[in-house]
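My notes follow in the order I looked things up.

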Amino acid sequence: MKIAIISIVFPFPIDSGGSAGTFNLIEHARKSHDITFFCPNVPENRKEGLQKLWPNVEIITTEPNKPESFSLKLFKKALSLKQWFTNSTPDYFYPKTHLAINDLSRCHYPGFLELVQEHLMQGQFDLIQVEYIEFAAFAHVLPPKTPKVFIHHELRYRRLEMEYATLKHKTQNDLLHIRATKDLEIALLNHYDKVVTVSEQDKLNLIEAGVKADKITASPSPISIKMKAINQPFEFKNKLVFLGPEAHYPNLDAVNWFLETAWPQIHAKHPELTFQIVSKWSEEFKSLQSDKPNVEFLGFVEDLSTVFDGAILVVPLRIVSGMRMKILEGISWRVPIVSTSDGAEGLPMKDGVNCMIANDPDTFVQKVNALIESPELANRLLENSQEVTLKQYNFEHCGEVRNAIYSSIKEENLINASC
């Protein structure tokens, strides 16, 4: 099949869960299909790097820009003026939530929509695949006779609801925003021929919210099985690890919550420990947490085996949707995991069987300490977790599930065309 894929996430380098999921499935699809990949805001060196890995994929991008909607600029200006007039401390967190910046009705990348339309008009594609909710409105401008599938990595309305639950100051305006976003999100999804979620839980949530049941199916993102032999057996080397960039607000909330509530207790009992945070984090946040001992911001790490060797992965997420690739990444490196229930949502994780689950600071501390103090428990959990990765989320299995979806869409389109 000739497939056009439109994504807001450029999957190179693979430095986040979103880029990993996008990369792995296109890596599998390009072996069987003719892929044209569209993505905005991409530096030339990143495009060249991916093109070397995907010589048979046509990659079409726009140059980097710093898009901001008028409403976002207005919000930031109003917030700064309010803080100036009231002499109040700036809120580091709220402006970074999607409650503050979410807008599903516009494309904020100059020239990208026109570029996509131009190429789609020139090429005869068998299928158009749109990824990520920011581009869901593209359904209104795509060729009407070409089948359209939407890959839904994160339910936006649900993320907004969970962000709202963490706020100290809740407003009716935020509630209005959440409800309006939910209505728009469901309406946009129903314009597609097929909606694909990355977890069964997201599928059920969308059906309950109003997406037509016959349109929706689940197809998880795969994880590459690691070939380096580490943690066999697991021996704890005095480090806890968090995986993910600050730019994804749920990560910011998770790390801040963990540092403010659980880390002081863990460090008090085990002062030799370090907490290592992988991926890009701002100097401003590092400064906010500079009073916390033994916290290391590692930035982008090309070889994660150096980080995960002898580490415990913590996933203190309170805002979720989709699937947590960081958990699958941890499993693939054979590390024991402590997660919230929300962090493990959509994955076959069970407390005390293949991971530890904790939903409040005291329990999180207890579960981390239990793994530190019991090598037998840590090794039992990581051995049990291997079945999750090897059977349900391996590269070939997930790729075959996605290919079956493509085939069913093609068959449905042929049937509809002959009627």
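**Entry 1: a helix crossing**

I began with α12 and α14, whose crossing is left-handed. I am reading a predicted model here. Helix α12 covers residues 325-332 and helix α14 covers residues 375-392. Their axes come within 9 Å and cross at roughly 115°.

Which residues of α12 meet α14? I listed Leu328, Ile331 and Ser332 on the α12 side. On the α14 side I found Ser385, Gln386, Val388 and Thr389. I then sorted this contact by class: 3 nonpolar residues, 4 polar and no charged ones. I noted a general point on spacing: an α-helix has 3.6 residues a turn, so residues three or four places apart point the same way.

**Entry 2: helix α6**

Next I checked how covered α6 is. I wrote down the buried set: Arg156, Tyr157, Arg158, Arg159, Leu160, Met162, Glu163 and Tyr164. I see Arg156, Arg158, Arg159 and Glu163 among them.

What covers the buried residues of α6? I found that the cover includes the helices α4 (98-101), α7 (172-189), α8 (200-209) and α9 (249-269). Strand β5 (148-152) is also included.

**Entry 3: nonpolar cores**

I looked for the largest nonpolar core and got a set of 68 residues. Leu240, Phe258 and Phe275 have the most contacts inside this core. Helix α9 gives the most to the core, with 10 residues.

I left aside neighbours within four places in sequence. Phe258 is then in contact with Leu240 and Phe275, and also with Trp263, Pro264, Ile266, Val314, Pro316 and Phe364.

I also found a second, separate core of 30 residues. Leu120, Phe138, Val211 and Ile216 are included in this second core. For context, I noted that nonpolar side chains tend to be buried together in soluble globular proteins.

**Entry 4: a buried glutamine**

I moved to Gln129, in strand β4 (residues 127-131). Is Gln129 buried or exposed? I count Gln129 as buried, because its relative accessibility is 1%.

I then asked what Gln129 touches, not counting residues up to four places away in sequence. Ile3, Ala4, Ile5 and Ile6 are on the list.

**Entry 5: cysteines**

How many disulfides does the structure hold? I found 0. I checked two cysteines to see why.

For Cys107, the closest cysteine sulfur is in Cys39, 11 Å away, so the pair is too far apart for a bond. Cys107 counts as partly exposed, at 26% relative accessibility.

For Cys398, the closest cysteine sulfur is in Cys355, at 19 Å, again too far for a bond. Cys398 counts as buried, at 0% relative accessibility.

**Entry 6: prolines**

The bond from Phe12 to Pro13 is cis, with omega near -5°. I placed Pro13 in the loop between β1 (2-7) and α1 (17-29). The bond from Gln232 to Pro233 is cis too, with omega near 0°. I placed Pro233 in the loop between β7 (216-218) and β8 (239-243).

I also looked up Pro43, which sits in the loop between β2 (34-39) and α2 (44-53). Pro43 counts as partly exposed, at 26% relative accessibility. I took one distance from there, C-alpha to C-alpha: Pro43 and Lys215 are 36 Å apart in space and 172 residues apart in sequence.

**Entry 7: positive phi**

My last check was phi. I kept the background in mind: most residues other than glycine have a negative phi, and most peptide bonds are trans.

Tyr132 is not a glycine, yet its phi is positive, about 80°. I found Tyr132 in the loop between β4 and β5. Tyr132 counts as buried, at 11% relative accessibility.

Asn231 also has a positive phi, near 60°. The loop between β7 and β8 holds Asn231. I list Asn231 as buried, with a relative accessible area of 4%.

Methods: Residues are numbered from 1 along each chain as its sequence is written. This is a predicted model: local features need pLDDT of at least 70, side-chain atom pairs count only at pLDDT 80 or more; totals for chains, interfaces and linings use all residues. Side-chain values use heavy atoms; hydrogens and water are left out. Axes are lines fitted to C-alpha atoms, for helices over the stretch in contact, and angles run from 0 to 180 degrees between N-to-C directions. Helices (H or I, at least four residues) and strands (E, at least two) are DSSP runs, numbered from the N terminus. A crossing is left-handed if the near helix is turned anticlockwise from the far one by less than a right angle, and right-handed if clockwise. Contact means heavy atoms within 4.5 Å. Ala, Val, Leu, Ile, Met, Phe, Trp, Tyr, Cys and Pro count as nonpolar, Asp, Glu, Lys and Arg as charged, and the others, Gly among them, as polar. Buried means under 20% relative accessible area, exposed over 50%, partly exposed in between (1.4 Å probe, protein chains only). A disulfide is a pair of cysteine sulfur atoms within 2.5 Å. A nonpolar core is a set of buried Ala, Val, Leu, Ile, Met, Phe, Trp, Tyr and Cys residues joined through side-chain atoms within 4.5 Å.
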